[in-house]
Amino acid sequence: MLLFAVLTCIPTDAGQQQLVTELARVLRPGGLLYVSDLLLQTDQRNRARYQRHAETYGTYGVFETGDGAICRHHTADWLRSLLLDGFDIDTTRQITVETMNANSAEALQILAVKR
């Protein structure tokens with residue numbers, strides 16, 4: 001299974017946990033899950049929007065885009081913790097990616113194996 005910036009589109013902890021629980025349910029033991037998602041960014045624009053929306057959404061890293069979408073960037077620890085039940089993390093790497101708006105962003109990629 002592949003998740004490319006899918007968790008960014010699920011702003012709540014519960015929603016993300018439900019997705020990963022379902023993936024663990026449907027994958028066979030030994031099945032691979034590849035997660036690539038955006039980390040918390042350190043530039044001023046992102047820090048300002050995380051702070052602006054933290055109280056509204058209860059999570060630092062959740063923000064609204066100009067077109068009204070609600071998105072989330074993550075800590076590496078959070079992304080890893082989502083996989084603790086049901087998966088063994090095989091490999092991780094941090095990379096720089098280009099967003100849909102042509103901005104550079106730091107991302108974490110994780111290859112996990114279903115137990």
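In the predicted model, Arg25 is exposed, with a relative accessibility of 58%, a value that lies over the 50% limit for that class. Its partner in a salt bridge is Glu22, and the closest N and O atoms of this pair are 2.7 Å apart. Glu22 is partly exposed at a relative accessible area of 36%. Both Glu22 and Arg25 belong to helix α1, where a spacing of three residues corresponds to about one turn of the helix.

In general terms, side chains of opposite charge can pair when their charged atoms come close. A further example is the salt bridge between Asp13 and Arg72, in which the closest N and O atoms are separated by 2.8 Å. This pair links distant parts of the chain, since Asp13 lies in helix α1, spanning residues 13-26, whereas Arg72 lies in strand β4, spanning residues 70-72, and the two are 59 residues apart.

Another salt bridge joins Arg115 to Asp88, with the closest N and O atoms 2.9 Å apart. Arg115 is located in the segment after β6 (104-114), and Asp88 is located in strand β5 (residues 87-98), so that the contact ties together parts that are 27 residues apart in sequence. Arg115 is partly exposed, at 47% relative accessibility, and Asp88 likewise counts as partly exposed, with a relative accessible area of 39%.

The strand that carries Asp88, β5, pairs with β6 in the antiparallel sense, and this pairing extends over eleven bridges. Within the pairing, Thr96 has Glu106 of β6 as its bridge partner. In a regular strand, the side chains alternate between the two faces of the sheet. The hairpin formed by β5 and β6 has five residues between the strands, and in this hairpin Ala102 takes a positive phi near 65°.

Methods
Residues numbered from 1 in each chain as written. Predicted model: local features only at pLDDT ≥ 70, side-chain atom pairs only at ≥ 80, totals over all residues. Heavy atoms only, no water. Salt bridge = Lys/Arg side-chain N within 4 Å of Asp/Glu carboxyl O. Helix = DSSP H or I, 4+ residues; strand = E, 2+ residues; numbered from the N terminus. Buried < 20%, exposed > 50% of the residue type's maximum accessible area, 1.4 Å probe, protein only. Pairing = 2+ DSSP bridges.
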